[in-house]
Amino acid sequence: MILQVFKVRGASLAPDYQDGDFVVASTLPIFFRRLRAGDVIVFRQPAYGRLVKRVERLEPSGEVFVVGSGEGSIDSRVFGPIRRADVQGLVLWHVKREK
């Protein structure tokens with residue numbers, strides 16, 4: 001699959017991304033452009049499963065630091081950096097849930 005739809009669960013990227021929103025992500029690595037700070041990505045974290053977070057910074061070693069928006073966000077401040085290999089997709093579109 002080139003594109004995949006993921007449902008946002010939780011509000012760690014609020015107010016931009018809300019619980020119940022959807023994101024469409026490019027899932028083929030050859031279609032990823034180089035990741036940059038500010039990008040929103042989908043990745044797998046062993047202890048927490050699949051997460052959607054914003055890239056804070058990238059290290060030359062290939063480690064990616066990700067953050068959510070809220071104080072209680074489960075992100076790199078909790079579990080440390082993720083490996084570039086764990087990135088499953090680069091978010092291309094955000095579809096807000098209907099109220």
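For my tallies, Ala, Val, Leu, Ile, Met, Phe, Trp, Tyr, Cys and Pro count as nonpolar, Asp, Glu, Lys and Arg as charged, and the others, Gly among them, as polar.

I'm working on a predicted model, where local features need pLDDT of at least 70 and side-chain atom pairs count only at pLDDT 80 or more, while totals for chains, interfaces and linings use all residues. I number residues from 1 along each chain as its sequence is written, and side-chain values use heavy atoms, with hydrogens and water left out.

I started with the largest pocket, which comes out at about 260 Å³. A pocket here is an open set of points on a 1 Å grid over the protein atoms alone, where a 1.4 Å probe fits, with protein on both sides within 12 Å along at least five of seven lines; lining residues have an atom within 4 Å of a point. Points are joined across faces, edges and corners, and the volume is the space filled by probe spheres set on them. I found 13 lining residues, and the closest to the centre are Val8, Arg9, Arg50, Leu51 and Val52.

Which strand gives the most to this lining? I got E4, with four residues. Strands E1 (3-7) and E4 (49-58) each supply at least two; strands are DSSP runs of at least two residues, numbered from the N terminus. By type, I have seven nonpolar, two polar and four charged residues in the lining.

The second largest pocket holds about 160 Å³. I listed Arg34, Leu35, Leu58, Glu59, Gly62 and Arg84 as its lining, which splits into two nonpolar, one polar and three charged.

Buried is under 20% relative accessible area, exposed over 50%, partly exposed in between (1.4 Å probe, protein chains only). The largest core has 11 residues: Leu35, Ile41, Phe43, Leu51, Val55, Val64, Val66, Phe79, Ile82, Val87 and Leu90. Strand E3 (40-45), E4, strand E5 (63-67) and E7 each give two or more of them. Apart from that core I noted another, of 10 residues, including Phe6, Tyr17, Val23 and Val40.

I then checked contacts (heavy atoms within 4.5 Å). Not counting residues up to four places away in sequence, Ile41 touches Leu35, Leu51, Val52, Lys53, Val55, Val64, Val66, Ile82, Val87, Gly89, Leu90 and Val91.

**Asp86.** Is this residue buried or exposed? I have Asp86 as buried, because its relative accessibility is 19%. Asp86 sits in the loop between strand E6 (82-83) and strand E7 (87-95). Its side chain makes a polar contact with that of Arg83 at 2.9 Å; that term means a pair of N or O atoms within 3.5 Å, where within protein one must be able to donate a hydrogen and the other to accept it, and residues adjacent in sequence count only if both atoms are side-chain atoms. Beyond four places in sequence, Asp86 touches Phe43 and Arg44.

**Arg57.** This one lies in E4 and is partly exposed, at 36%. I see a side-chain polar contact from Arg57 to Glu59, 3.0 Å. Outside four places in sequence, Arg57 is in contact with Glu63, Val64 and Phe65.

**Val5.** Leaving out residues up to four places away, Val5 touches Phe22, Val23 and Val24.

Definitions and conventions. A nonpolar core is a set of buried Ala, Val, Leu, Ile, Met, Phe, Trp, Tyr and Cys residues joined through side-chain atoms within 4.5 Å.
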